[in-house]
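User: I have a model open and want to go through a few of its local features. Can you take me through them?

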Amino acid sequence: SFSKTPLLLPSLFSPIMKPETPQVRKPRPTPKPKTVERNVEQDPVEVYCRIRPSDSPDQEDCVTVVDPCTVKLTPPVNCFAFRNGSAKEQHYKFRRVFGPDTSQKELFDCVAKPLIADVLRGKNGLLFAYGVTGSGKTYTMQGAPQDGGIVRRTLDVIFNSIHDYQTKRCIFKPDRMNGFDGQCESDAFSDRRRLDANPTTRMTRSYKLRRDTGGSQDTSQRIPDTSRIENIDDDNVFSIFVAYIEIYNNYIYDLLEELPETGPSRGLQTKILREDSQHNMYVHACTEVEVKSPEDALEVLYKGDKRRKIAYTRLNCESSRSHSIFTIRVVQAPLDAQGEDVVTAKNAITVSQLSLVDLAGSERNTRTKAVGDRIKEAGNINNSLMNLRACIEALRENQMTGGVRKVPYRDSKLTHYFKNYFEGEGKVNMVVCVNPKADDYDETLPVMKFAELASEVNIQRGPQTVKQDLGLLPGRRRANQLFKDVRRRLETEGENVKNLEVDLTPIYTLAPEWPSVVYTPEIMDDVVAKLKAYLLKRINSREKLKSDLQDKIFVVRSSVMEMEKENILMKKEISDLRSQYSDAMAKVRSMESMLLNAESVNESLQRKFNDYNYLVDECNAVREELDMAKAQGQIEKQRMKARLKTKLEQEREKLKTGMIAKLSQQKSRIYQTQVRALQEILLDGNPSTQVSCPSVSDSDISQIRPTTRSQNKSNSDPKLEASNAIHTSDIFSSGVVNLRHRRSRSQGAEKWLDHRPVQEVPTGTVLQPALPRRKSVTCLRSGDLTEGRVSRYCLTSQQQDSEGELETKLYKGDVLPTVGGGSQVVFQDVEILRQCDPLAVPSRKRSSGGTPKVDVSTIQDRCAVGIQGHAASRQFGLNKRSRF
């Protein structure tokens, strides 16, 4: 055909001389010839989705099933996408979606059973489970004893299908190069005897595997799968080999490796990947165990599961910390012409394998709270899964764009091991396990995107397994079995069958052999009749063969005529293609000339581009220098601010100290002036009394008011107390002058801030405090004194006295501005309002300081005291005004 005809394109692409340019550049490589594209059959990666059942009926789910092939992903309120403002519902398509109520049997029949049929027919297969931690991957692959998963059901179906076609042990032996060698029955018998005689091997096969399981797997409760694959080649014999490896921290370990019983235990040793003669990847020196029943295979599986790396995490109590790969290899070879013995030639043996992979779950340390080795394990797991995603992305990009991007298989042992599957050496299926819990939304979203990406990748269908035709007729096994049944039946009937043999090779004769004839005149007629009957049979057979020959000749002639017609059509098509080829070559030459011109223009543009880049680099360097100078100026500015701020603080402290000293001196002078004025008043009122005024320091000014009150309270003489009260009233009757601030009162600009309690008891008296233009508050803030031009402040306090009566105090003061821009309150006086019943019996108890009666008539002229009485209310009010 034309597709197989070599095209001598390089001769047409001879190098063309280009005009000399001042810049030396490498010669352009000769383009590779383009071949006619062939229609290569491809199979897509079949991606299935399985949704795990909810842990509780009240659980909030983010994954719901829309139809048998679509799921809907709804972002919850607490997810990162919702907080980021990019949350929206998304739909994802799969080959099929298995809901929470799907059984293991239904999943297995849809996903794994077609791969088993391909493996038994000589093709390879790969099935792996992908998802986050706790999504049900291990349960999907392993299952439970009562309800097996994919691995257990696969073993059951394989052995159910080849139950009658298995070979004896040791007929096939691994050659340590990813292949198998066949041997005759005698050599296999010797190997079986040697293995049975070896106590280590016997213990390993019978007791050690069961002991390693530790009783964790109860085989008595196992329910096997009874289904099987039909249309198996019954002229072949089969043998099953299993291997179990894991990839932990990007290292490969053989889980079936035999460790020494005694001596220091070194643990499992790491294995390496190699490539065989067929360019297939395999694990070197990996243990492959030949099994003859599902129970033997499950014992091997249990032993490997006990050695797997699992650990407790916050999300899963038995979290897989490695990728486990359980490989089932099917070795088959045909029977000989007699249907009795196995053909052990190397070219007659066919090997196919099915890899069942349980990938470790991707996870985030913020959720698992992992520490120590768990962080390292999670990092290696996430790296291998990311590399798997990178390989899928590269394959998809190459298929969508026709590019030749390199697929990074070697970046991870996982992808390197499965490199052949993605390059067309088998069929690839993937089961995406999803936990619908809303807390797993941020981890489930990347899994869904990866599944959508993988479903768009097509795997090139590998070459069909071509079995070498040994010239053997089909049905040999059945014919041999029929012959053995006939022979056995004859033996039971007492016939002698020692010399009875059968030859199943094809025989082509015109008729049965001529019978032996003994010529005698007596039996002449019988002999002639017998010969005539044999001759008639021979003539009939010949006529039948002639008719068959004519039919075959007609069929062959028709086939030749069809081939000639097709040959004529192909010749015309070839001539048309050659003309198209010549036109294409002419276009190629013109495109090459255009390409040369474009390359020269490109070179000039490249030079300009380099010059522009040089200018950009210079501008960037200048900009960096300016930025550095600007940053240095900012630093100097900050330093200068710091120095000025320090100097300002020092000057402020200095001014504050001086002002405090001046204020103390001024207060001292004012106090001395008031003392002298008080002496003059006292001397004028009572000339016979002399008052000595001791010198009082500035620190005692703030203590003079409470000292005076305490002395008055401790005095027991009523007359003396009244006299002291009069003297105190006279002393503090004069106003205190604030030399720093004076508010003009000519226009009546006073504004009061009335600070009252939250729950105030009404007094109900006739006289009320006069507070014009007041602002009432219950909770004082810092801005109440500075806002609204407040000049006076009044604080109201209510409490019970010793007699249980209500006592109200109003503390009044001036609001003065401060140097720092705030306000301060200087209290000037206090008004005390006591309410009592005039008819009440006075208490016999006296306070500690004593409460002497005051003679109002003696001090009426010198102290303003107001007395009010009302007969109806029987209340007595005393409004006393005192000065601090």
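**Helix faces, salt bridges and a patch**

Analyst: Let's start with one side of helix 6, where Arg 193 and Ala 197 are exposed. Keep in mind that this is a predicted model.

User: Which residues in helix 6 are buried?

Analyst: Ala 188, Asp 191 and Arg 192 are the buried ones in helix 6. Viewed down the axis of helix 6, its buried residues fall within an arc of 100°, so they line one face.

User: What do the buried residues of helix 6 pack against?

Analyst: They pack against strand 8, residues 172–174.

User: And how many residues does helix 6 have?

Analyst: Helix 6 has 13 residues, 185–197. From first C-alpha to last it reaches 18 Å, close to the 18 Å expected at 1.5 Å a residue.

User: Switching to charges. How many salt bridges does the structure hold?

Analyst: There are 36 salt bridges in the structure.

User: What about Glu 807, which residue does it form a salt bridge with?

Analyst: Glu 807 pairs with Arg 834, and their closest N and O atoms are 3.3 Å apart.

User: Is Glu 807 buried or exposed?

Analyst: Glu 807 is buried, because its relative accessible area is 7%, under the 20% cut-off. Arg 834 is partly exposed at 38%.

User: Where do Arg 389 and Glu 393 sit?

Analyst: Both are in helix 10 (residues 373–401), 4 residues apart, which means about one helical turn separates them. In general, an α-helix has 3.6 residues a turn, so residues three or four places apart point the same way. Arg 389 and Glu 393 form a salt bridge, with the closest N and O atoms 3.2 Å apart. Arg 389 is partly exposed, with a relative accessible area of 27%, and Glu 393 is partly exposed with 32%.

User: How far apart are the closest N and O atoms of Glu 290 and Lys 292?

Analyst: They are 3.1 Å apart, and the two residues form a salt bridge. Glu 290 counts as buried at 17% relative accessibility, whereas Lys 292 is partly exposed at 23%.

User: Which residues are linked in a network of salt bridges?

Analyst: Lys 105, Asp 109, Asp 147, Arg 153 and Asp 225 are linked that way.

User: What does Arg 121 touch, leaving out residues up to four places away in sequence?

Analyst: Arg 121 touches Ile 229, Glu 230, Asn 231 and Gln 332.

User: Which residues make the nonpolar surface patch of about 260 Å²?

Analyst: Leu 535, Leu 536 and Ile 539 make that patch. Leu 535 is in helix 15, residues 524–685, and is partly exposed at 41% relative accessibility.

User: Last one, the whole chain. How many helices and strands?

Analyst: The protein chain has 17 helices and 28 strands. Of its 884 residues, 32% count as buried. Its accessible surface is about 56,900 Å², with 54% belonging to carbon and sulfur atoms. Among contacts between residues at least 6 apart in sequence, 69% join residues at least 24 apart.

Notes:
Residues numbered from 1 in each chain as written. Predicted model: local features only at pLDDT ≥ 70, side-chain atom pairs only at ≥ 80, totals over all residues. Heavy atoms only, no water. Helix = DSSP H or I, 4+ residues; strand = E, 2+ residues; numbered from the N terminus. Expected span 1.5 Å × (residues − 1). Buried < 20%, exposed > 50% of the residue type's maximum accessible area, 1.4 Å probe, protein only. Arc of directions from axis to C-beta. Contact = heavy atoms within 4.5 Å. Patch = residues over 30% accessible without salt bridge, like charges linked within 9 Å, V, L, I, M, F, W, Y side chains within 5 Å. Areas by Shrake-Rupley, 256 points an atom, 1.4 Å probe, with all protein chains shown as cover. Salt bridge = Lys/Arg side-chain N within 4 Å of Asp/Glu carboxyl O.
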